[in-house]
Amino acid sequence: MRNEPIPLGKALASFDALWSPRIVTSVNDYDVRIAKVEGEHVWHVHDDTDEFFLVLDGELHISLRETDGERTVLLPQGAVFTVPRGTEHKPYAPAGAAILMFEPAGTPTVGDRHDEVPDHVEVTTGHPLNT
């Protein structure tokens with residue numbers, strides 16, 4: 001882990017891959033990840049952890065399947081949202097977005113259970129940032 005400030009704009013400019021988070025730092029046993037996203041991710045569930053999202057640029061939609069039915073939350077730039085553990089969800093960004101996520105180290109990007117993973121989505125627990 002670097003002991004210097006990390007300019008997120010520079011970090012985001014260092015890669016082009018979509019839906020492929022980069023680990024920018026760690027806090028205790030949590031990874032702080034950034035990602036460029038566009039189009040749809042997959043429906044997935046994190047059984048044992050919440051998933052925190054902060055939209056750095058653009059707009060992110062998150063569809064949720066809850067006990068009361070399905071709904072979608074809209075996150076404009078600067079908005080945060082936490083998907084509760086055990087909630088099936090699908091992030092998507094029709095026009096593209098840059099996001100920051102806060103998750104326990106080793107959390108897979110497609111959760112513990114998920115739909116079939118399309119070619120544009122990488123199954124990973126995050127890549128270390130190489131700036």
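Visitor: Hello! In which strand does Lys90 lie?

Guide: Lys90 lies in strand 7; strands (E, at least two residues) are DSSP runs numbered from the N terminus. Before going on, note that this is a predicted model, where local features need pLDDT of at least 70, side-chain atom pairs count only at pLDDT 80 or more, and totals for chains, interfaces and linings use all residues. Residues are numbered from 1 along each chain as its sequence is written, and side-chain values use heavy atoms, leaving out hydrogens and water.

Visitor: Is Lys90 buried or exposed?

Guide: Buried means under 20% relative accessible area, exposed over 50%, and partly exposed in between (1.4 Å probe, protein chains only). Lys90 has 14% relative accessibility, so Lys90 counts as buried.

Visitor: Which side chain does Lys90 join through a polar contact?

Guide: A polar contact is a pair of N or O atoms within 3.5 Å; within protein, one must be able to donate a hydrogen and the other to accept it, and residues adjacent in sequence count only if both atoms are side-chain atoms. Here the side chains of Lys90 and Glu40 are joined at 3.3 Å.

Visitor: How do I read a nonpolar core?

Guide: In soluble globular proteins, nonpolar side chains tend to be buried together. A nonpolar core is a set of buried Ala, Val, Leu, Ile, Met, Phe, Trp, Tyr and Cys residues joined through side-chain atoms within 4.5 Å. The largest one here has 17 residues, and those touching the most other members are Val37, Phe53, Leu60, Ile62, Leu75, Phe81 and Ile99. Strand 4 gives the most to this core, with five residues. A second, separate core of eight residues includes Phe15, Val24, Val32 and Ile34.

Visitor: How many aromatic pairs does the structure hold?

Guide: A pair of aromatic rings is described by the distance of the centres and the angle of the planes. Rings of Phe, Tyr and Trp (its six-membered ring) pair if their centres lie within 6.5 Å; planes under 30 degrees apart count as stacked, over 60 as edge-to-face and the rest as tilted. The structure holds one such pair: Tyr30 and Phe102 are stacked, at 5.0 Å centre to centre with 5° between the planes. Tyr30 is in strand 2 and Phe102 in strand 7, 72 residues apart.

Visitor: Which charged end sits over the ring of Phe15 at 4.6 Å from its centre?

Guide: A charge sits over a ring if NZ of Lys or CZ of Arg is within 6 Å of the ring centre and within 35 degrees of the ring normal. For Phe15, that charged end belongs to Arg22. Lys36 also lies over the face of Phe15, at 5.4 Å from the ring centre.

Terms used
Helix = DSSP H or I, 4+ residues; strand = E, 2+ residues; numbered from the N terminus.
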